[in-house]
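User: I am new to this structure. Please walk me through some helix packing and charged pairs.

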Amino acid sequence: MRQNLRILGTAALTAALSASSAWSAESADPIKLTLHDWSGQLINTKIMGSILQEAGYNVEYVQADYIAQFAGLKTGDLHLAMEIWETTGREALDEATATGKVINAGETGLMAIEEWWYPAYMKDRCPGLPDWQALKDCSEEFATAETSPYGRYVGGPVTWGGFDEERVEALELEFEVVHAGTDAALFAELESAYQRQDPIVLWVYAPHWAPSKYDGEFVEFPAYSPECYSDPSAGVNPDMAYDCGKPRGPIWKAAWAGLPDKWPGAYEIIQDYSLSNDEMSAMVGKADLEGVDVDTVVSDWMAANKDRWSGWISN
């Protein structure tokens with residue numbers, strides 16, 4: 001009996017020492033997470049960072065451009081990007097992973113929609129919506145003093161990509177693309193127009209509070225296909241690419257390829273991490289509509305979900 005206990009005790013001690021050695025072998029260097037210019041991404045990234053800190057890792061946040069960040073991920077100057085949207089970032093993600101210097105670290109659990117969106121009151125002024133072809137007949141209904149006789153489409157910040165100028169040209173829409181400078185400015189445009197019932201069509205995305213707060217619809221463009229973006233002969237315009245809607249799908253995590261070797265425990269946590277659209281939309285609403293500081297939103301989520309994220313750490 002004593003011999004069996006000694007054997008079990010030795011095995012337990014060996015396992016504990018082995019685990020301790022594995023843990024101490026992980027680098028104390030900071031894991032650098034990228035921050036962008038919209039509330040959801042800031043919340044998502046800082047929740048991830050807070051969980052990694054709870055697990056004992058050193059974390060650093062670095063402000064970075066959405067697409068240009070891949071250069072830093074390739075070199076290892078940046079380590080983790082928490083929101084690569086299937087809608088606008090998949091092409092850059094695929095290019096980066098093809099180099100072998102960046103890895104797709106899995107889905108965040110969030111499902112992305114990014115598309116042209118209009119308030120319901122514009123449907124009375126432009127019969128035929130949400131079919132995109134209605135925009136050909138009523139572009140002037142969306143015009144402003146600055147763009148008349150062309151309609152105005154308010155796009156996201158230029159760093160978001162999205163190919164809106166290319167889409168307008170390929171689909172022969174008489175619209176001028178005007179980019180908002182920031183995420184906040186984009187939705188300030190919507191709030192202002194909605195209150196006055198002014199004409200507007202703009203870039204709206206989900207998960208976000210806007211599609212819940214405002215009554216409206218996404219424009220239904222020709223269905224996206226990879227060929228639509230890469231092959232001019234595909235789609236409704238045989239001479240031009242981007243003659244379709246934006247893709248829809250998961251929001252991905254992207255990481256420097258060296259991260260799993262340098263911080264293996266952290267990488268396991270990163271892969272396990274997941275949020276839902278409803279969770280994210282509610283948190284973005286708190287930040288953008290109620291004026292709650294992003295760090296407070298994050299700490300509130302951490303307090304309310306301790307059992308959940310503790311499970312990711314202990315797995």
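User: Is Lys213 buried, partly exposed or exposed?
Analyst: Buried means under 20% relative accessible area, exposed over 50%, and partly exposed in between (1.4 Å probe, protein chains only). Lys213 has a relative accessible area of 42%. Therefore Lys213 counts as partly exposed.

User: What kind of model is this, and how are residues numbered?
Analyst: The model is predicted: local features need pLDDT of at least 70, side-chain atom pairs count only at pLDDT 80 or more, and totals for chains, interfaces and linings use all residues. Side-chain values use heavy atoms, without hydrogens and water, and residues are numbered along each chain as its sequence is written, from 1.

User: Which residue forms a salt bridge with Glu191?
Analyst: A salt bridge puts a side-chain nitrogen of Lys or Arg within 4 Å of a carboxyl oxygen of Asp or Glu. For Glu191, the closest N and O atoms of the pair are 3.3 Å apart. The partner is Lys213.

User: How many residues apart in sequence are the parts that this pair ties together?
Analyst: Helices (H or I, at least four residues) and strands (E, at least two) are DSSP runs, numbered from the N terminus. Glu191 lies in helix α8 and Lys213 in helix α9 (residues 210-213). So the parts tied together are apart in sequence by 22 residues.

User: Which strand holds the salt-bridge partner of Glu189?
Analyst: Glu189 pairs with Arg152, the closest N and O atoms being 3.1 Å apart. Glu189 lies in helix α8 (residues 183-196), so the pair ties together parts 37 residues apart in sequence. Arg152 is buried, at 16% relative accessible area, while Glu189 is partly exposed at 30%. Arg152 lies in strand β5.

User: What is the relative accessibility of Arg196, which meets Asp198 in a salt bridge?
Analyst: The two side chains meet at 2.6 Å, N to O. Asp198 is partly exposed at 24%. Arg196 counts as exposed, at 52%.

User: How many salt bridges are there by this rule?
Analyst: Some share partners: Glu86, Arg90 and Asp94 join into one network. The count comes to twelve.

User: How far apart are the end C-alpha atoms of α13?
Analyst: The expected span is 1.5 Å times one less than the number of residues. Helix α13 (residues 277-288) has twelve residues, so it should span 16 Å. The model agrees, with the ends apart by 16 Å.

User: What do the buried residues of α13 pack against?
Analyst: Met280, Ser281, Met283, Val284, Gly285 and Ala287 are buried in α13. Contact means heavy atoms within 4.5 Å. The packing partners are α2 (39-54), β3 (80-85), β4 (102-119) and α14 (294-304).
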